[in-house]
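Me: Please take a close look at one part of this structure for someone new to it, and then connect that part to a few others.

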Amino acid sequence: MVISMETKEAELFIGGQWKASASGETFEVIDPATGEVTAKVAKANEQDVEEAVQIGLKTFHENRWLSMPALERGRILHKIGELIRKNNFELAKIMTRENGMPQNMALFVEIPMAADCFDFFASLVVQPKGEMVPFSLTGAPPNHMAWTMKEPIGIAGLITPWNFPLIMPAWKLAPALAAGCPAILKPAPETPLTALKLAELCKEAGVPDGMLHVLTGTDEAGKAIVRHPDIPKIAFTGETSTGRKVLESAAANIKRVSLELGGKSPNIIFEDADIEHAAKSALFGIFYNSGQVCQAGSRILVHESIYESFTEQLVTKAKKLKVGPGSISRNDLGPVISKEQHEKILQYIETGKKEGARLLAGGRVPDGAREGYFIEPTVFADVDQSMCIAREEIFGPVVSVIPFKDDDEAVQIANDTIYGLAAAVWTRDIKRGLRMAQRVKSGTLWINTYQVLSPTAPFGGYKQSGLGREMGIHALDSYLETKTVICDLNDRPMTLF
């Protein structure tokens with residue numbers, strides 16, 4: 001099977017083969033720009049999960065992947081990155097069809113970053129793992145030696161969301177393969193075709209059959225993956241409420257779990273900031289991918305002395321953004337993902353009005369948008385931190401602008417949330433920026449920029465924004481077990497008896 005923009009029906013990818021689901025059931029994929037069904041995809045169930053697990057276990061125990069020289073495994077991961085770049089236009093079309101994101105965004109942001117992720121973890125495959133331990137310092141008997149070894153944890157269950165259908169699988173699959181773990185990838189039901197295309201490219205690159213399975217479907221498959229006793233590692237990205245359920249379910253088998261969850265990230269603009277630059281970046285920080293970004297800067301905190309001038313600039317720029325189908329290059333914002341999400345966001349906007357926030361831009365469906373799930377970029381001013389729109393993750397193109405009087409109040413407002421995924425500070429005073437970096441509780445903090453990420457730098461959250469980290473060497477370690485080896489070098493064993 002070849003996955004493309006024209007694919008109307010798709011099967012599961014298990015053991016390197018395309019297969020119908022065990023039940024024969026399928027589900028529909030909806031184009032959010034039109035609301036129309038564009039494809040039917042196999043719906044995996046517990047039986048399909050069991051088949052993938054058994055093949056994955058066999059592959060793992062036979063050591064098919066780790067028996068390859070490290071350089072060869074690294075070359076295969078590099079090849080995946082090359083194939084992602086080579087198939088960039090097809091991938092962009094598939095993502096726009098499923099997710100609605102503008103094709104230019106897919107081409108210039110998501111696809112290159114996904115490819116870079118495989119390149120980075122390819123470089124880690126050949127890096128030494130483990131370390132010598134200074135065992136003699138512990139008061140142990142003389143002439144003993146100790147060291148650590150890193151070993152793959154086993155099958156990794158990877159559950160990814162719909163907002164970034166290529167980057168999110170790459171963030172999880174690349175370190176899993178680099179560590180030597182067979183992977184069972186369960187993409188969001190809204191965006192299955194991108195994940196299946198990635199599986200096709202992995203097979204073409206030389207990933208052995210049995211090292212990657214893609215099980216498309218709904219909650220049934222995801223729950224079966226999380227519960228399965230032979231899947232010791234779960235990597236999940238999604239909303240916090242679902243992450244909590246994943247953690248509870250995984251606890252029954254004491255699984256290792258990494259969670260990348262929600263956010264309500266503060267973007268703090270001080271009076272000495274470059275207002276023009278900050279306003280442009282804040283616009284990107286919240287309206288990128290129609291606000292469907294976990295680290296979106298959905299709370300803009302602005303010093304009271306520049307509050308009105310900054311807000312005016314932000315509103316002027318927001319009103320110039322073009323909303324429409326992602327397939328049209330001039331559009332800046334595509335649709336939100338679904339009818340349900342569309343209705344939820346519009347309800348939040350109505351709640352903001354009722355709470356007394358001042359609506360300055362957007363807040364409605366664009367003129368002429370008779371089909372699809374479009375919402376204008378929406379800016380609320382005079383928002384109080386007690387308001388619902390300032391506390392809950394909307395996951396759409398809606399931003400709250402909140403005034404503050406000094407550094408202490410900015411920190412208090414920024415940290416007054418159950419989340420701690422990302423934050424930003426805008427100031428010409430680098431000392432102030434560094435002090436704020438220490439005080440604001442977030443997994444990532446940008447100074448005079450926003451939404452800049454790299455596969456080399458870890459990403460994750462404080463508080464209810466998650467556990468563990470994606471990307472960087474920290475991500476690789478989450479797929480590895482640490483074993484300590486202790487060796488007696490004496491001619492005769494030491495004994496107490």
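Reply: K172 sits in helix α5, which covers residues 167-179; helices here are DSSP runs of H or I with at least four residues, strands are E runs of at least two, and both are numbered from the N terminus. The model is predicted, so local features need pLDDT of at least 70 and side-chain atom pairs count only at pLDDT 80 or more, while totals for chains, interfaces and linings use all residues. Residues are numbered from 1 along each chain as its sequence is written, and side-chain values use heavy atoms, with hydrogens and water left out.

K172 counts as buried because its relative accessibility is 0%, where buried means under 20% relative accessible area, exposed over 50% and partly exposed in between, with a 1.4 Å probe and protein chains only. The side chains of K172 and T237 are joined by a polar contact of 2.5 Å, that is, a pair of N or O atoms within 3.5 Å, of which, within protein, one must be able to donate a hydrogen and the other to accept it, and residues adjacent in sequence count only if both atoms are side-chain atoms. Apart from neighbours within four places in sequence, K172 is in contact with L158, I159, T160, A235, F236, T237, E470 and Y479, contact meaning heavy atoms within 4.5 Å.

Turning to another helix, α1 spans residues 46-62, and its buried residues are D48, V49, A52, V53, G56, L57 and T59. These buried residues pack against β2 (12-14), β9 (183-186), β10 (212-214) and α7 (219-227). At the start of α1, a side-chain oxygen of N45 comes to within 3.0 Å of the backbone nitrogen of Q47, and just after α1, N63 adopts a positive phi of about 60 degrees.

Terms used. Expected span 1.5 Å × (residues − 1).
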